[in-house]
Amino acid sequence: MKLGEKVAFLKGLIEGLEIDDSSKEGKVILAMADILEEIAVTAEDMQDQIDEVVEVVDAIDEDLGEVERDFYEVDDDCCCGDEDFDDYDDDSECGCADDDDDELYEVVCPSCGDTICLNEGMLEEGSMTCPGCGELLEFDFGDEEE
């Protein structure tokens, strides 16, 4: 049952009780029922507006996804999302390994804050240039124990 239907049912119950609207209690109960009815109408209007906004946002999201796939040639299965990683020499566009067995690591560039996906081979090279800002990122694992 929707909120408006519940309020209508409640108002029906109040009318069935034949509450005296000249008494203090009767005035309060009837005023509360009217306020509840206004709240229900407002809430239903807001829900309708929210539903419309959600539909528009979903349509925009779908359109943006198509633009990203067409313009940036983004692979939806790629862990790098819509980041542009054209600086890699790998066969894949984003630098992520196509092999599901490779473990991937995320590195955040200290200069620009971009998140970069790396595989074991890229980490073993010891350094790379950030595709976002060109900063040289160096990886040193000498102090870590396995």
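Student: Which residues make up the largest nonpolar core?

Tutor: This is a predicted model, to be clear. Its largest nonpolar core has 10 residues: Val107, Cys109, Ile116, Leu118, Met122, Leu123, Met128, Cys130, Leu137 and Phe139.

Student: Which elements each supply at least two residues of this core?

Tutor: Strand 2 and helix 3 (120-124) do.

Student: What about Cys117, where is its place?

Tutor: Cys117 sits in strand 2, which spans residues 115-119.

Student: Buried or exposed?

Tutor: Cys117 is at 4% relative accessibility, so it counts as buried. The cut-off for buried is under 20%.

Student: And how far apart are the C-alpha atoms of Cys117 and Glu106?

Tutor: They are separated by 4.6 Å. Along the chain, Cys117 and Glu106 are 11 residues apart.

Student: Zooming out. How many helices and strands are there in the protein chain?

Tutor: Three helices and four strands. Reading from the N terminus, the order is α-α-β-β-α-β-β.

Student: What share of the residues is buried?

Tutor: 19% of the 146 residues in the protein chain.

Student: And of the contacts between residues at least 6 apart in sequence, how many join residues at least 24 apart?

Tutor: 31% of them.

Student: Now the helices. At what angle do helix 1 and helix 2 pack?

Tutor: About 165°, with the axes 9 Å apart. Helix 1 covers residues 3-16 and helix 2 covers residues 24-72.

Student: Why call helix 1 and helix 2 roughly antiparallel?

Tutor: Their angle is about 165°. Angles over 145 degrees count as roughly antiparallel, so helix 1 and helix 2 fall in that class.

Student: Is the crossing left-handed or right-handed?

Tutor: The crossing of helix 1 and helix 2 is left-handed.

Student: Which residues in helix 1 meet helix 2?

Tutor: Leu3, Gly4, Val7, Leu10, Lys11 and Ile14. On the helix 2 side, the partners are Ile29, Leu30, Ala33, Asp34, Leu36, Glu37, Ala40, Ala43 and Glu44.

Student: Last one, Glu18. Where is it found?

Tutor: Glu18 lies in the loop between helix 1 and helix 2.

Student: What is the phi of Glu18 near?

Tutor: Near 50°, a positive value in a residue other than glycine. Most residues other than glycine have a negative phi.

Student: Is Glu18 buried or exposed?

Tutor: Glu18 counts as exposed, because its relative accessibility is 71%.

Notes:
Residues numbered from 1 in each chain as written. Predicted model: local features only at pLDDT ≥ 70, side-chain atom pairs only at ≥ 80, totals over all residues. Heavy atoms only, no water. Axes fitted to C-alpha atoms, helices over the stretch in contact; angles between N-to-C directions. Parallel < 35°, antiparallel > 145°, perpendicular 65-115°, else oblique. Left-handed = near helix turned anticlockwise from the far one by under 90°. Contact = heavy atoms within 4.5 Å. Buried < 20%, exposed > 50% of the residue type's maximum accessible area, 1.4 Å probe, protein only. Core = buried A, V, L, I, M, F, W, Y, C linked by side-chain atoms within 4.5 Å.
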